[in-house]
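Please have the sequence and the structure open while I talk.

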Amino acid sequence: MLSFVIPAHDEAAVIGACVRSVRDFGPRDVETEVIVVDNSSGDDTAAIAEDAGAVVISSTARTIGAVRNEGVDVSQGDVLVFLDADCVLTPEWSEGIEEVLDQLEEEPSCFAGSQVRPPRGERHLLWDYWFEPFVAQETASHIGSAHLICPRRTFLSLGGFDEALETGEDYDLCARLQAMGGSLLNVPSLRVEHYGFPKRWSEFVRRERWHGRPDLQSLTSFRSSRVAIVSVTFVGLCVLAVVAGLLRQPTLAIGALGAAVLLVGFVSRMKLGHAGLKAQAFGLLILPVYFYARATAGIDLFDRGRVSRGAGTKPPPGSALP
């Protein structure tokens, strides 16, 4: 049996399509159930999900990891499929899932899934040259919980998602799996389309600040995150260049700015080299904004009162972390 666990907070606009996609493209020879965990929604999320065929339970949990765990608690499937409410399965998913399930049966210490991708038919700079290139990578340090497939027994043996984490709960779960000797099976051909990717720069910054907060919560978490280290280094170099310019130290200003540019170029080459020169060129434009957002995520930690009931389960647009 396959259990789809879908957390939802004010997702009336998309939850129906999400649940129906499971009905339309779920494996034909495997019994499935869809569990929507309604986290303090103020709209018709629960009613729409029920009408589409889901079992709906209510939650007042404060983090998305806790919401997902509550869905697991009432599920019955041997395999868990975590899916975000603004995602839909596709015919490609239907064609490839049975082979993946066979692999998980042979290797129960393996988690599978894929990076979610922008929907067909729409073109946006951030979608085309930031989010889409990451989907093509076959290797992954983790598989995002927007589309994560787990053998139930292995998931429970790990203790489920860490309910203390506001974000990054999927990265933490995959890291614990690998630490105990498990493996990850990233399958780009399992196409899942995500309608929540940001289209505007302001949404992109807000999204990355939200995802960057766990990395800046402590010195230990900062030191273990290459993204945080590189982001803070980039912003520090830019600040140094400005200060040196104001102090009329042109050599230092040019050196700091040059180092920042080289850092952006190096990361663009490393992360987007597989996607071609055009993607790398746009990476030179997008990466400084990304680094700024990640480096300034610590500002949010001074305002912990913002995380009220339900807030932790409704991330900014684009919940899948590249």
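This is a predicted model: local features need pLDDT of at least 70, side-chain atom pairs count only at pLDDT 80 or more; totals for chains, interfaces and linings use all residues.

Let me begin with a convention: rings of Phe, Tyr and Trp, taking the six-membered ring for Trp, count as a pair if their centres lie within 6.5 Å, and a pair is stacked if the planes are under 30 degrees apart, edge-to-face if over 60, and tilted for the rest. With that in mind, ring pairs join W130, F131, F197, W201, F204, F234, Y290 and F291 into a cluster.

Residues are numbered from 1 along each chain as its sequence is written, and side-chain values use heavy atoms, with hydrogens and water left out.

On confidence, where pLDDT is the predictor's confidence in each residue, from 0 to 100, the chain has a mean of 89, and 92% of its residues reach 70 or more. Residues 305-322, however, have a pLDDT below 50, although this stretch has 61 contacts in the model beyond near neighbours in sequence, a contact being heavy atoms within 4.5 Å.

Back to the rings: the whole structure holds 12 aromatic pairs. One of them, W130 with Y290, is tilted, with 5.0 Å from centre to centre and 50° between the planes. This pair links distant parts of the chain, since W130 sits in helix α5 (residues 125-135) and Y290 in helix α12, 160 residues apart; helices here are DSSP runs of H or I, at least four residues long, and strands are runs of E, at least two, numbered from the N terminus. Both W130 and Y290 are buried, where buried means under 20% relative accessible area, exposed over 50%, and partly exposed in between, with a 1.4 Å probe and protein chains only.

Also in helix α12 (residues 277-295) is L285, which is partly exposed because its relative accessible area is 45%.

Turning to helix α1 (residues 15-25), I15, G16, C18, V19, S21 and V22 are buried there, and the buried residues of α1 pack against β1 (2-8), β2 (32-39), α2 (45-52), β4 (79-83) and β5 (87-89).

Finally, S59 lies in strand β3 (residues 55-59), and S59 counts as buried because its relative accessibility is 5%. Leaving aside residues up to four places away in sequence, S59 touches V37, D38, N39, S40, V67 and E70.
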